[in-house]
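Welcome, and please take a moment with the sequence and the model before reading on. The report below goes through a few features, one heading at a time.

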Amino acid sequence: MTGFYTLLYKELLRFWKVAFQTVLAPVLSSLLYLMIFSHVLAERAQVYADVSYAAFLIPGLVMMAILQNAFANSSSSLIQSKITGNLVFILLTPLSYLEIFLAYVVASMLRGLVVGLGVYLVAAWFYPVSPQLSGWVIVFALLGSAILGVMGLIAGIVSDKFDQLAGFQNFIILPLTFLSGVFYSIHSLPSTWQFLSHLNPFFYMVDGFRYGFFGFSDFSPYISLLIILACLVVISGWALWMLRSGYKIRH
Amino acid sequence: MTPAIEVQQLSKRYGALTALDDIDLKIEQGEFFALLGSNGAGKTTLISILAGLIKPTSGTARVMGYDVQSQYQQTRQRLGVVPQELVYDPFFNVREMLVMQSGYFGIKHNDVWIDEILFRLDLANKAHVNLRALSGGMKRRVLIAQALVHKPPVIILDEPTAGVDVDLRQSLWQFVQQLNQDGHTVVLTTHYLEEAEALCRRVAMLKQGRVVVLDSIENLVRTIRDYTLLLRLSTNILPDGLQSWTVKHDPVGELYRISIKEYTEIETILSLLREAGIQIIDLQLRQPDLEDVFVKTMEMDQAVAL
């Protein structure tokens with residue numbers, strides 16, 4: 001296990017050394033979303049009775065920060081190592097593909113969770129809101145960050161250039177997070193869009209996470225949990241197959 | 001004894017391009033072995049297969065008896081590779097890199113050995129410097145240090161002295177020779193043939209993905225009976241009798257290079273010059289070396305290819 005712990009430590013040290021960019025910057029941008037949207041939409045968008053729009057928005061923003069940063073961590077670490085060539089330092093070692101997978105994913109989860117916690121603490125200072133059911137919050141945070149960590153790993157393996165990775169980030173991750181009900185309840189959408197939202201796995205992550213805060217949500221948290229567990233299994237299987245076969249990293 | 005490296009019928013093809021063509025090669029434990037060949041001959045492909053960075057199309061490769069594909073954890077534990085590319089991780093300093101590299105190999109407390117490597121590679125005062133801030137030569141030393149953290153019994157150095165100053169080259173070879181004397185098998189690729197000749201006992205030459213020569217340097221040089229007689233003379237007009245030898249005129253230093261096969265030819269040439277009344281200002285005899293073997297091998301193979 002020493003190999004796994006070392007790679008995990010290296011991945012954590014990598015983002016921690018540039019925490020200004022990897023932790024503080026996303027906390028600040030989430031805070032700006034909160035300020036602007038809660039100000040503009042406060043009067044217009046009452047989603048649940050007895051829950052202010054700002055309070056509704058906070059869990060969504062926290063989850064969005066967790067997801068985006070978990071993705072950013074594994075994907076940027078891998079693509080940088082591939083392009084600069086230093087991935088060879090890991091490829092030459094006896095680390096198994098499972099150890100490599102776990103180290104990258106756990107590091108991504110921790111980055112996502114640290115940023116998410118930062119967003120929550122700062123946001124809750126402005127608009128106090130606390131989770132009603134902490135267990136659900138923790139489970140959805142862990143699963144959401146794991147899925148995005150794995151997706152980042154896949155994007156990092158598949159991409160050959162920063163350009164391609166930016167494509168993943170801007171054309172897949174960003175639209176899926178923005179359209180997952182972070183800023184609104186999908187019940188406020190026309191039926192076609194509601195249907196499309198149900199095809200978006202990020203919706204279940206955000207909705208289930210929000211259930212932990214308020215005790216009610218757009219969709220059953222149990223079914224959301226099953227759906228994202230299934231997503232995690234499928235996507236992890238895919239990533240492990242890639243690492244095991246050496247796809248794009250061992251020619 | 002199990003060979004350090006054993007390669008059987010190993011091929012690597014990329015579509016129509018054949019990088020390695022049915023190679024057989026055995027390197028015994030404790031050898032200091034040179035892998036030579038022009039650019040694109042297949043040296044790095046072979047090393048990459050041994051290191052597990054490239055998968056062979058067919059054939060097997062073993063390191064210390066373990067298969068590089070099915071037993072990759074055992075082979076990588078026993079192999080230290082210094083890659084040709086000058087790669088580094090800009091996030092960390094030298095010591096951090098070496099501690100982490102040790103960890104990847106499952107070694108927790110490696111400070112004593114890391115200190116020794118740093119000292120031997122003259123990196124001790126750079127231990128806390130970020131890799132980004134190091135010169136090319138220093139980065140090369142770090143790559144060598146990284147390959148040695150787990151004390152691998154087999155060390156492969158892929159052009160370790162490319163772009164490295166004379167001082168480091170000397171100290172590097174002393175260190176590697178010491179490692180070899182301590183029992184490590186060392187495999188080296190280099191374009192500096194005099195390095196290979198000074199350090200290695202056996203050599204393989206690759207050409208277009210095939211092993212075209214595999215023998216001890218001593219034997220190879222002995223088979224080549226191409227001596228060169230270097231002469232500086234008092235005149236530019238040579239006696240007709242010299243036409244039966246290949247004579248090259250080198251305008252720099254006004255040297256004549258005459259290729260001979262036997263020492264007895266020297267006497268004949270000297271008497272021809274004496275008869276023609278030509279004085280010898282300077283005379284040298286150059287013995288064949290590994291470079292001659294290399295050039296000849298590459299030329300011969302080209303002729304075969306035609």
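## A sheet in chain B

In this predicted model, strand β4 of chain B (residues 58-63) runs antiparallel to β5(B), and 2 bridges join the two strands. Within β5(B), B:Tyr66 is the residue that stands opposite B:Val63.

This pair belongs to an open sheet of 4 strands in chain B, ordered β2-β1-β4-β5 and paired in antiparallel fashion. Which strands form its edges? They are β2 (17-27) and β5 (66-67) of chain B, each of which pairs on one side only.

## Two domains in chain B

Chain B is divided into domain 1, covering 5-221, and domain 2, covering 226-287. Taken over C-alpha atoms, the centres of domain 1 and domain 2 of chain B are 44 Å apart.

## Where chains A and B meet

Let's turn to the contact between the chains, which takes 22 residues from chain A and 23 residues from chain B. On the side of chain B that touches chain A, α2 (72-77) and α3 (94-104) of chain B each supply at least two residues.

## A closer look at α3 of chain B

Why is α3(B) described as largely enclosed by the rest of the structure? A residue is called buried here if 20 or more other C-beta atoms lie within 10 Å of its own. By that criterion 9 of the 11 residues of α3(B) are buried, so the helix is largely enclosed by the rest of the structure. The buried residues are B:Val94, B:Met97, B:Leu98, B:Val99, B:Met100, B:Gln101, B:Ser102, B:Gly103 and B:Tyr104.

The packing partners of these buried residues come from both chains: α1 (2-16) and α4 (88-91) of chain A, together with α4 (111-120) and α5 (136-148) of chain B. Just after α3(B), B:Gly106 adopts a positive phi of about 80°.

## Annotated spans in chain A

For chain A, an unreviewed UniProt entry lists residues 20-41, 53-71, 83-106, 113-130, 136-158, 165-186 and 222-243 under "transmembrane region". How do two of these spans look in the model?

Residues 113-130 of chain A are 78% helix and 0% strand, and their end C-alpha atoms lie 16 Å apart. Residues 165-186 of chain A are 64% helix and 0% strand, with 29 Å between the end C-alpha atoms.

Key: Residues are numbered from 1 along each chain as its sequence is written. Chains are lettered from A and ligands numbered from 1 in the order in which they are written. This is a predicted model: local features need pLDDT of at least 70, side-chain atom pairs count only at pLDDT 80 or more; totals for chains, interfaces and linings use all residues. Domain bounds come from an automatic or database domain assignment. Two residues are in contact if their C-beta atoms, placed from the backbone, lie within 7 Å. UniProt positions are given in the numbering used here, feature names are shortened, and annotations may be inferred rather than shown by experiment. A residue is buried if 20 or more other C-beta atoms lie within 10 Å of its own, exposed if 12 or fewer, and partly exposed in between; C-beta atoms are placed from the backbone. Two strands pair if DSSP finds at least two bridges between them.
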